[in-house]
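Please look over the sequence and the model first, and then follow the points below by topic.

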Amino acid sequence: MQDAQLVSVAQALISAWVPVTLALTLAVALSLYHCVERKPVDIDPSMDIDYFMLSGAPLPRPLPDFDLDRAKPRPYRPFRWRYHQTMALAPLEHDWWIELESTYKFRVNQRQYLYTKHGSAVLQSMPGSEAACKEMMYMVIQFLCARYPNHFQFDKNTCGFTNRILGTSDDIDTVHPLQFLLNNVPEDFLVTQKDPGTGEYFLRAAVCCSAIGFNMTGKMGRPLREIHGPVPDYEWKLKTSVDKFFDRMPVEKPIQRGSWSFEVGQPLYLQANDPEYMEHKRENPNLRIEDVYLRIDWQTLRRLPQSKAILFNFKALFTPVTQLQEEPYIPQLILKVLKEGPASIKKYKGWSHLEHRLLPALEVYARDQVSRGLVPEGWQERTLDEQPFFPGWQSVSG
Ligand SMILES: *[C@@H]1O[C@H](CO)[C@@H](O)[C@H](O)[C@H]1NC(C)=O
């Protein structure tokens with residue numbers, strides 16, 4: 001063999017060898033990576049982590065001139081026809097994860113009062129949920145400061161969170177995350193974590209002041225399938241396996257949905273053993289339609305990117321039923337659902353004690369909207385294209 005031939009054979013060997021070594025190295029690296037990934041990642045939650053970047057779900061667009069006192073909640077009307085017994089889940093509108101509006105101060109106050117009165121029935125956490133709770137708090141802080149920069153600031157040097165609406169500040173190194181949420185965000189937050197043994201999701205921490213007929217004492221540490229009330233409500237139970245659904249939920253795809261009910265007044269927290277509860281659920285012949293409210297629980301669900309816990313948060317919004325007169329198609333659509341939806345929703349939603357006032361009022365509103373030309377005569381009820389809103393909702397809601 002000539003020298004030149006030797007060289008070219010050597011070159012050929014090398015060039016063949018390089019991809020082989022590369023492939024081997026890659027394979028080793030990948031299998032190592034795989035091993036690392038399978039073990040729980042031991043990273044402490046920290047405000048240095050950009051949780052939105054980590055989750056692949058964008059931060060909200062800022063509202064630098066947000067005027068809290070004039071802000072109205074968006075008029076969520078999650079009514080659908082045909083009434084499918086499935087979860088009406090939609091991708092989360094990232095800007096609207098936490099939506100502040102003019103009742104902010106009142107609600108924070110009310111929730112703090114409920115905590116003083118009921119303690120662990122509204123705020124509770126279990127060992128093992130610490131990291132998830134911190135991560136949840138950091139994510140909320142990052143959202144609030146990005147969305148409402150004139151109202152909330154975070155100082156990295158002091159770890160101080162400033163709430164300019166309430167004139168308060170918190171040292172986020174020492175405050176309990178659930179306490180922080182109670183004092184700054186008028187929404188309920190429930191943390192569920194997967195049990196590595198059984199693969200089931202369990203409720204492990206919550207601040208929950210908007211519960212009607214249940215409380216955290218009865219639910220904490222319980223598996224998801226035993227938890228009704230908001231997580232999951234009766235539609236959830238129809239899913240063959242909520243656990244499987246939770247398991248597959250990707251970090252970058254949070255979801256939103258609404259649940260509705262009709263109430264006398266605006267009860268936020270009410271327990272079955274409360275005398276007010278029986279009063280609340282009793283049929284009253286003198287009931288005035290002005291006292292009946294549509295209650296919407298607007299819910300979002302997301303997987304926390306670091307702890308992989310599933311976070312469920314929601315707010316309760318009340319609208320006087322009389323206001324529905326001004327919302328095209330809504331009275332007729334609600335009537336259809338109430339009158340022709342499955343019988344079980346009547347029982348489940350518990351509105352039969354309101355029926356004698358609610359149905360006639362909605363019928364008047366629906367006819368009136370036809371005569372005002374807001375709804376065409378003979379409109380066939382169906383889920384609106386604008387759902388969960390209605391045509392012209394921006395102007396009606398101000
Ligand atoms: C919480 O719910 C349980 C039932 O799960 C009930 O026994 C208890 O009285 C409730 N607690 C409060 C404070 O209402």
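This is a predicted model: local features need pLDDT of at least 70, side-chain atom pairs count only at pLDDT 80 or more; totals for chains, interfaces and linings use all residues.

Helix 12 is followed by Gly373, whose phi is positive, near 80 degrees.

**Helix 12**

- Helix 12 comprises the 17 residues 355-371, which at 1.5 Å a residue should span 24 Å, and the 24 Å between its end C-alpha atoms agrees with that expectation.
- The buried residues of helix 12 are Arg357, Leu358, Leu362, Tyr365, Ala366 and Gln369.
- Because these buried residues fall within an arc of 150 degrees when seen down the axis of helix 12, they line one face of the helix.
- On the other side of helix 12, the exposed residues are His356, Pro360 and Ser371.
- The buried residues of helix 12 are covered by elements that include strand 8 (255-264), strand 9 (292-303) and helix 10 (330-340).

**Helix 3**

- Arg107, Arg111 and Leu114 are the buried residues of helix 3.
- The face of helix 3 turned away from its buried side carries Phe106, Asn109, Tyr113, Thr116 and Lys117, which are exposed.
- Helix 5 (177-184) is among the elements that cover the buried residues of helix 3.
- After helix 3 comes Gly119, which has a positive phi, near 55 degrees.

**Nonpolar cores**

- The largest nonpolar core has 49 residues, and those with the most contacts inside it are Met136, Val140, Leu181, Val191, Ala206 and Val207.
- At least two residues of this core come from each of helix 4 (130-147), helix 5, strand 6 (188-194), strand 7 (201-207) and strand 10 (310-320).
- Helix 4 gives the most to this core, supplying ten residues.
- If neighbours within four places in sequence are left aside, Val207 is in contact with Val122, Leu123, Leu178, Leu181, Leu182, Asp188 and Phe189.
- Another core, of 23 residues, lies apart from the largest one, and Tyr76, Trp298, Val321 and Ile330 are among its members.

Notes: Residues are numbered from 1 along each chain as its sequence is written. A residue is buried if 20 or more other C-beta atoms lie within 10 Å of its own, exposed if 12 or fewer, and partly exposed in between; C-beta atoms are placed from the backbone. Helices (H or I, at least four residues) and strands (E, at least two) are DSSP runs, numbered from the N terminus. Two residues are in contact if their C-beta atoms, placed from the backbone, lie within 7 Å. A nonpolar core is a set of buried Ala, Val, Leu, Ile, Met, Phe, Trp, Tyr and Cys residues joined through C-beta atoms within 7 Å. The expected span of a helix is 1.5 Å times one less than its number of residues. The arc is that of the directions from the helix axis to the C-beta atoms.
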